[in-house]
Amino acid sequence: MKFFLLLGLSLSATILSAQEKIIRKNGNQIEVKIIEVAKWKVTYKKSDNPDGPTHSIDKSDIYKIVYSNDKSDILGKFSNAEEAKALIVSKINEFGIDRYNNFQKLKAEFDGNNLKINSVNKKGKTVDEGDFWDFENVIKFHELSPRKDVYYLNIVTKRFKKSSSEVDKLVIKFTDWQAAEDVLVAMKDLQIILKKD
């Protein structure tokens, strides 16, 4: 009898620990039991309510799925921070323009996990030195905002000045919609990659 009781407890513990996780692009994790991974969405039940309703989420909102066997699928576009940072910098440098002066380009660079964006003139000389923006602890990514042939990317995060930091909104102005969209995807993936490291 004791054997069956121990076997039952052991199986229960195994079933309870064999849960899966969905890690969303906003950084939130959901403990789930995956029902189906389809072409455009993932269907699941929440682990804490296995008899409850079935939920679904668009694959485009998912960064990673971790299965009960510890294997995972990365649905995000970038698998490491350096790839994401390189795309962010190259797209901002190619398609970014100053918010107030369309004749000035942007020059971006990362220092660790902080992004610095300067405004430069046609000769590449810095005319407005930017602050550092924290990409490890982004508070909110806004959707792209199109306006008269330019596209604004807005991110709420910490801005570091010489001796202080404050929460503020970073606004990056792009001349190309796809470049702005690519940067937004890379920034969301980067935030998740940095949080897991």
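Which residue is the bridge partner of Leu153 in strand 15? In this predicted model, Leu153 is bridged to Ile172, and the pair belongs to the antiparallel arrangement in which 10 bridges join strand 14 (residues 150-160) to strand 15. The points below follow strand 14 and strand 15 in turn, together with the strands that pair with them.

**Strand 14 with strand 15**
- Strand 14 and strand 15 make up a hairpin that has 4 residues between the two strands.
- Besides the bridge between Leu153 and Ile172, Asn154 has Val171 of strand 15 as its bridge partner.

**Other partners of strand 14**
- Strand 13 (residues 145-147) runs antiparallel to strand 14 and is joined to it by 3 bridges, with Arg147 set against Val150 as bridge partners.
- The hairpin of strand 13 and strand 14 has 2 residues between its strands, and within this hairpin Lys148 adopts a positive phi near 40°.
- Strand 12 (residues 140-141) also pairs with strand 14 in the antiparallel sense, over 2 bridges, and here Phe141 has Ile155 as its bridge partner.
- Strand 11 (residues 132-134) is likewise antiparallel to strand 14, with 2 bridges joining them, and Trp133 is bridged to Arg159 of strand 14.

**Strand 15 with strand 7**
- Strand 15 (residues 165-174) pairs with strand 7 (residues 96-97) in the antiparallel sense over 2 bridges.
- In this pairing, Gly96 stands opposite Phe174 of strand 15.

How values were computed: Residues are numbered from 1 along each chain as its sequence is written. This is a predicted model: local features need pLDDT of at least 70, side-chain atom pairs count only at pLDDT 80 or more; totals for chains, interfaces and linings use all residues. Side-chain values use heavy atoms; hydrogens and water are left out. Two strands pair if DSSP finds at least two bridges between them.
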